[in-house]
Amino acid sequence: EDVVLGEFDYLMDCLMLSHEQGYTYFEANASQAMAELLVNRKNYNLLLEKRPGMMRIANRRDLPWEELVVAYAESALKLFKEYCDWYQIAGTHRTLASCYNELGQHEMALANLENALAYVNLHHEHFYHCHDTLDRLKPYVPDAITSTELRWVNTEGIKTVPEWIARLREQLSVTYAALGMKPQSDYNRNIYLDILDYTRQDKE
């Protein structure tokens, strides 16, 4: 509880200061983090009890919990698009997906994760001048023997952050499982575990 309260206090300071001073990047990051903090209903209830005044400031429009968490994530997405940061845009689509999954809106979650992968592909195409349409991440590839992600991490000179993609694959696995689509869920889970194994070896 102390950690949640402390994080909330820092995020409120960051949100208000960055908004007043026009620090788009930090306002976007704080908005995204606020969505991830509040999407846990237990955290939300704790903050209502322990920080009622600050919660009124955090929720000026008096939105219900479900709308509040999505509003913070959508605000972060809008700000990151203004800032033109593809890495953060993809990450915010993942945050939106986790919010929608928590709310039971799994189709909306899947749409956001597909958008997130599109931004990873855009990043890859821009920085590595790749125009091969086969060299793209997809939500699901039936009968795939190896993943595009592992080709990327094992290719000299490609520096796309593996952990970035791992978090998307983890959320895709959760989303497909919630939709009852087991092959798709397993495909994403296996990629997630492969990337996790690679990054552990890399750190060693």
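The model is predicted. Its largest pocket has a volume of about 470 Å³. The second largest pocket holds about 180 Å³. Helix H2 packs against H5 and also against H1. H1 in turn packs against H3.

**Largest pocket**

- The volume of the largest pocket is about 470 Å³, and 16 residues line this pocket.
- Leu15, Ile57, Ala58, Arg60 and Tyr72 are the lining residues nearest the centre of the largest pocket.
- By class, the lining of the largest pocket has nine nonpolar, four polar and three charged residues.

**Second largest pocket**

- About 180 Å³ of space lies here.
- Part of the lining of the second largest pocket is Asn29, Gln32, Ala33 and Glu36.
- Tyr87, Gln88, Gly91 and Arg94 also line the second largest pocket, as do Glu163, Trp164, Arg167 and Leu168.
- H2, H6 (86-102) and H9 (162-178) each supply at least two residues of this lining.

**H2 against H5**

- The axes of H2 and H5 lie 8 Å apart, at an angle of about 155°.
- H2 is therefore roughly antiparallel to H5, since angles over 145 degrees count as such.
- The crossing of H2 and H5 is left-handed.
- On the H2 side, the contact uses Thr24, Tyr25, Glu27, Ala28, Asn29, Ser31, Gln32, Met34, Ala35 and Leu38.
- On the H5 side, the contact uses Trp65, Leu68, Val69, Tyr72, Ala73, Ser75, Ala76, Leu79, Phe80, Glu82 and Tyr83.
- The residues of the H2 and H5 contact comprise 14 nonpolar, five polar and two charged.
- Tyr72 of H5 takes part in this contact and is also among the residues nearest the centre of the largest pocket.
- Asn29 and Gln32 of H2 meet H5 residues in this contact and also line the second largest pocket.

**H1 against H2**

- H1 and H2 pack at about 150°, with axes 9 Å apart.
- The two helices are therefore roughly antiparallel to each other.
- Their crossing is left-handed.
- H1 brings Val4, Glu7, Phe8, Leu11, Met12, Cys14, Leu15, Ser18 and His19 to the contact.
- H2 brings Phe26, Glu27, Ala30, Ser31, Ala33, Met34 and Leu37 to the contact with H1.
- The contact of H1 with H2 has 11 nonpolar, three polar and two charged residues.
- Leu15 of H1 is in the contact with H2 and is also among the residues nearest the centre of the largest pocket.

**H1 against H3**

- H1 and H3 (residues 41-50) pack at an angle of about 75°, with axes 10 Å apart.
- H1 is therefore roughly perpendicular to H3.
- Val4, Leu5 and Phe8 of H1 meet Asn43, Leu46, Leu47 and Lys50 of H3.
- The residues of the contact of H1 with H3 divide into five nonpolar, one polar and one charged.
- Val4 and Phe8 of H1 touch H3 and also belong to the contact with H2.

Definitions and conventions
Residues numbered from 1 in each chain as written. Predicted model: local features only at pLDDT ≥ 70, side-chain atom pairs only at ≥ 80, totals over all residues. Heavy atoms only, no water. 1 Å grid on protein atoms, 1.4 Å probe; cavity = no way out; pocket = protein on both sides within 12 Å on 5 of 7 lines; lining within 4 Å. Points joined across faces, edges and corners; volume = space filled by probe spheres on them. Nonpolar A, V, L, I, M, F, W, Y, C, P; charged D, E, K, R; others polar. Helix = DSSP H or I, 4+ residues; strand = E, 2+ residues; numbered from the N terminus. Axes fitted to C-alpha atoms, helices over the stretch in contact; angles between N-to-C directions. Parallel < 35°, antiparallel > 145°, perpendicular 65-115°, else oblique. Left-handed = near helix turned anticlockwise from the far one by under 90°. Contact = heavy atoms within 4.5 Å.
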